[in-house]
Amino acid sequence: MKNFINSKNYDEERALYGIRDTEVFSCTFEGEADGESALKESSSVKLHNCRFALRYPLWHATDFSLHDCSMTDTCRAPMWYSKIGTLRHCRILGVKAIRECNDILIEDSVISSEEFGWRCKDIKVRNTFITSEYFLFETKGGVISELTLEGKYSFQYVEDIEIFNSHLDTKDAFWHAKNVTVTDSIINGEYLGWYSEGLTLINCRISGTQPFCYCKNLKLVNCTMENTDLAFEYSEVEADINGHILSVKNPLSGRICADSIGEIITEGSVRENNCKIQVKTGGII
């Protein structure tokens, strides 16, 4: 039998610890007792229009959902070690918001969390605005669409991620990433994709200095590059580029074809470089 909780305030330690098969409506988790871990070890719990201002509310939770819920900046590390969760129309401001969680869906939400989504598996994000300094660090498996991201060191060490129709403003993104595909997206940031393996970008617009260095199996398909210089140093690359590349520096192997390239830098290499570089109006440079 399903239980219902409506319009309550909880501030004690482990206030609803281990609850099962429960819907929680319009409740708040804050107060003088300053208790932690309100819904720890809960399962089959649905939360509607709830406000969280205390720490660690959903650790080790299973089969949970939040709809129209908010988590303030004092709600630190709200979801760790949890699985099978859905967040819709939520606002999350707590640091370290999701960590080591599996099978999480986030839709139509606004999130500001410096270390968001670390070491997760099978995460899905749709139509969401996220501000995060280290976004999805060491996460494996996921599909992201219509994400607007403001970050710094995003997607580092991620694996098996697909991204669609997104706008990513972030530096040092996709470092050491493996088997990541980005399609129909805008990526603005410095030092993009260094040390990645199996990074593929399709129909993307890319800007920022020194992108795609030390990459293995890098593919750019029908992409546009703007204000990009010193690109592709020591990378294995297959690139079909629209627009102008300011400069290409010592690419390792493969082929780069662009509308125009301002400068080809070949001196100072400490590796043997065999990459073919072409402009679309002419032949091999």
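User: At a relative accessibility of 12%, does Thr183 count as buried or exposed?
Analyst: The model is predicted: local features need pLDDT of at least 70, side-chain atom pairs count only at pLDDT 80 or more, and totals for chains, interfaces and linings use all residues. Residues are numbered from 1 along each chain as its sequence is written, and side-chain values use heavy atoms, with hydrogens and water left out. The term buried means under 20% relative accessible area, exposed over 50%, and partly exposed in between (1.4 Å probe, protein chains only). Because its relative accessibility is 12%, Thr183 counts as buried.

User: In which strand does Thr183 lie?
Analyst: Strands (E, at least two residues) and helices (H or I, at least four) are DSSP runs, numbered from the N terminus. Not counting residues up to four places away in sequence, Thr183 touches Ile163, Phe164, Asn165, Ile202 and Cys204, where contact means heavy atoms within 4.5 Å. The run of residues 178-183 that includes Thr183 is strand E19.

User: How many helices and how many strands does the protein chain have?
Analyst: The C-alpha trace spans about 70 × 30 × 30 Å along its principal axes. Among contacts with a separation of 6 or more, residues 24 or more positions apart account for 5%. The secondary structure comes to zero helices and 26 strands.

User: What percentage of the 285 residues of the protein chain count as buried?
Analyst: The chain exposes about 12500 Å², of which carbon and sulfur atoms supply 43%; accessible areas come from the Shrake-Rupley method with a 1.4 Å probe, and for residues only the protein chains shown count as cover. Of the 285 residues, the buried share is 50%.

User: Which residues are in contact with Leu201, leaving aside its neighbours within four places in sequence?
Analyst: Leu201 is among the core residues that touch the most other members. Beyond its sequence neighbours, the contacts of Leu201 are Val182, Ile187, Ile206, Phe212, Leu218, Lys219, Leu220, Val221 and Cys223.

User: Does Ser154 count as buried or exposed?
Analyst: Ser154 is placed in the loop between strand E16 (140-151) and strand E17 (159-164). Its contacts outside four places in sequence include Phe135, Leu149, Asp172 and Phe174. With a relative accessibility of 0%, Ser154 is therefore buried.

User: How many disulfides does the structure hold?
Analyst: A disulfide is a pair of cysteine sulfur atoms within 2.5 Å. The sulfur of Cys101 has its closest cysteine sulfur, in Cys120, at 5.0 Å, too far for a bond. Cys213 is in no disulfide either, with the nearest cysteine sulfur, in Cys215, 7.0 Å away. The number of disulfides is zero.

User: Near what value is phi of Asn250?
Analyst: Most residues other than glycine have a negative phi. Asn250 lies in the loop between E24 and strand E25 (253-265) and is buried at 2% relative accessibility. Its phi is positive, near 45°.

User: Is Ser7 buried or exposed?
Analyst: Ser7 lies in the loop between strand E1 (3-6) and strand E2 (9-10), and its phi is positive, near 55°. Because its relative accessible area is 54%, Ser7 is exposed.

User: How many aromatic pairs does the structure hold?
Analyst: Rings of Phe, Tyr and Trp (its six-membered ring) pair if their centres lie within 6.5 Å; planes under 30 degrees apart count as stacked, over 60 as edge-to-face and the rest as tilted. The number of aromatic pairs is 22.

User: Why is the pair of Phe116 and Phe135 stacked, and what is the angle of the planes?
Analyst: The ring centres are 5.9 Å apart, and the pair is stacked because its planes lie at 5°. The pair links distant parts of the chain, 19 residues apart. Both Phe116 and Phe135 are buried. The angle that makes this pair stacked is 5°.

User: The charged end of which residue sits over the ring of Tyr234?
Analyst: Ring pairs link Tyr234 into a cluster with Trp175, Tyr191, Trp194, Tyr195 and Tyr214. A charge sits over a ring if NZ of Lys or CZ of Arg is within 6 Å of the ring centre and within 35 degrees of the ring normal. At 4.9 Å from the centre of the Tyr234 ring, the residue is Arg271.

Technical notes: A nonpolar core is a set of buried Ala, Val, Leu, Ile, Met, Phe, Trp, Tyr and Cys residues joined through side-chain atoms within 4.5 Å.
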